[in-house]
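Thanks for coming, everyone. Let me put the model on the screen and walk through it.

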Amino acid sequence: MDDGFYFGNFDNDWFEKAYHNNLCLRDSCYECKFCTFPRTGDLSIGDFWEADTCEQLKNDAKGTSVVFVNSKLGKTVLDMQRDSFVLFHKIKQEDLYKNRIQANIERHPGRTRFFDLLKKYPFTKSAEYAMQHKYDVVVIGIPTVENHGSNLTYYALYRALKNMGMEVLMAERPLSAQWQPHKVPIGFCKNPYPDQDWCELFQSKYEMQKLNEYAEVFLLGSDQLWYEGLYECFDGFCFLDYIYQNKKKAAYAASFGRDVYSGTSNQRARIQYFLQRFDNISVREQEAVALCQKDFGVETTCVLDPVFLCPSAEYLELIKNAGEQGNTGHKIVTYILDPTQEKEEIVSYIAGRLMLPVIHMTDVINVDEKQDRWTEEFLKNVSNERWLKNIYESDFFITDSFHGTCFGIIFKKQFVAIGNAYRGMARFHTILSKCGLQSRLVLEYDPQQLEQMLYELIDYECVDKKLKPEIEKSRQWLIHAVAEKEQCAVSTYDMLQQQMLQLYHRLMECRDHADAHGNVIGAHDVRMQAYDTAFKNLFQEIAVHQKVLLEQRQTAEALQKVLAEQEEKLERFQNKCLEQEQWIESHQYPLSGFRDKSGTDLL
């Protein structure tokens, strides 16, 4: 902008880019009947795009227009003015391939997102983000895993960032993982994520380097992603080694799942290298702070699980999608991930004392296997919304799940948390201690302890006083973690990663070539098999014909034999006749001179 003048072109003006890439057009423009033929006007006039590619024209770079003659009147008018034109040539319609001469054109894939962004941001940012697939932060994790807690912790992190005014893209583990991701979350009745905020799936960690094009900040999500019993099943994607060093990398409420790290020395050394490349790390368990310092040499902060950063009102909105189902009256609800007889005794004791019906829930997967270890029937096919609603509507809640415990607190329920050593006790101790609810943790069936829990109700006013500062502390940590960092160069490892990606693509091309070659060979094998089958059928037909010919030959030989016998009989008969004729001739007498009694000559 200079003295009131502005000069922009396709290279530097986002309106030009948006318009010519079909990003910001009206709905009617994508199916415009006035752009095709026949046209309603007598003449149509417009810019001749790519005029220099037309062989009949010599483009003088002063601007060339194109005119469509749509009627006889239009032709008459044009002919009357032709002498006033510097350049006047009849051209072929195919020379106008750059002009709009068809009714239908494709919408830009980012158009829906563009208009959503335009409600919050200026045109330039909206166009840039929509066209270049840009986001403020990419959340990387396992939001589609078959688990209520994981689904909701990622939804909560997404909503927390959105409420901070961030544009968020959710990215999953690669398809090369042993435990593969889904294209979209499958645990919800209704997918709570807009399509434009959901990232495509990548075949491998190498291909996940493409994420570097989408944002400047990358955030690893929560749950047990750093537990050595799980991350190998996820192809080790959770250390963000494919995100370059010139990007900001942070981990929010990451978890090792256990008090100690039990991986090999090689695994520990590798993880140490990658964790030290993070700009900020927070963990979910207090014990993990010391673990990170001791085993990996990184400083961390203990924060709350993301489910506490999302307002409870948003969970109530999700619950509306669950609909009405089952017992809507007073009830006890359980969520037991790992059923045992002792846990069932705890449930039975509380149900007997409160004299309420019980609704039983378990994990999303392996329900039938868990049912074999539980007397009462578990609900099946429970959505995340229904799971939340059952907890919200319960009079008393019993769980051996960490996230179950979290939502018991969020919904201000009277609850019992049964310690689950198999899945890690550190997270139970951390959240309950932050809320002053250590007494709600049960480690074994103890009627006296249970009786005291039923008698001493949880004072949630006191809990809120302890919890709110922790929520604000965690929120402030997250705000700082996703703020962009100063520009820096990529590392040597990043450059090696880029070369590895090139080699990977070459390998995939070789594989595709080999597959294509294999398909040709396979097709050849199929053809040869078809030929073999055809030859086999032909040989069978020949064999049938040969059999028929043999039978016919045998029949002919039999007929020839009969004919020969007949000819032999005929010859014998002829010979006999000849002998008779000869005998007759040899016994002939002169017959002249014979007269009858009357004296008449008989000859």
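Strands first, so one definition: two strands pair if DSSP finds at least two bridges between them. Helices (H or I, at least four residues) and strands (E, at least two) are DSSP runs, numbered from the N terminus. Some ground rules. This is a predicted model, where local features need pLDDT of at least 70 and side-chain atom pairs count only at pLDDT 80 or more, while totals for chains, interfaces and linings use all residues. Residues are numbered from 1 along each chain as its sequence is written, and side-chain values use heavy atoms, with hydrogens and water left out.

Now the sheet. It is open, has five strands, and runs in the order β10-β9-β11-β12-β13 with parallel pairing. β10 (358–361) and β13 (441–442) are the edges; each has a single partner strand, so one side of each lacks a neighbour in the sheet. Look at β9 (residues 332–335) and β11 (residues 396–399): they run parallel and are joined by four bridges. Which residue of β11 is the bridge partner of I332? That is F396.

Next, helix α12 (residues 384–392). Buried means under 20% relative accessible area, exposed over 50%, and partly exposed in between (1.4 Å probe, protein chains only). Eight of the nine residues of α12 are buried, so the helix is largely enclosed by the rest of the structure. The buried set is N384, E385, R386, W387, L388, K389, N390 and I391. What do they pack against? α5 (148–163), α9 (312–319), β9, β10, β11 and α13 (402–410). Contact here means heavy atoms within 4.5 Å.

Compare helix α4 (residues 123–131). Its buried residues are S126, A127, Y129 and A130. Their cover includes α1 (14–20) and α3 (111–118). After α4 comes H133, with a positive phi near 55 degrees.

On to charges. A salt bridge is a side-chain nitrogen of Lys or Arg within 4 Å of a carboxyl oxygen of Asp or Glu. The whole structure has 31 of them.

K162 pairs with D197, closest N and O atoms 3.4 Å apart.

D400 pairs with K343 at 2.7 Å between the closest N and O atoms. D400 is in the loop between β11 and α13, and K343 is in helix α10 (residues 341–354), so this pair ties together parts 57 residues apart in sequence. D400 and K343 are both buried. Shared partners also join K120, K162, E167 and D197 into one salt-bridge network.

Third, K210 and E213, with closest N and O atoms 3.3 Å apart. K210 is partly exposed, at 34% relative accessibility. E213 is partly exposed too, with a relative accessible area of 47%.

Now N212. It lies in the loop between β4 (168–172) and β5 (217–220). Leaving out residues up to four places away in sequence, N212 touches F218, Y242, I243, Y244 and K247.

That is the tour. Questions, please.
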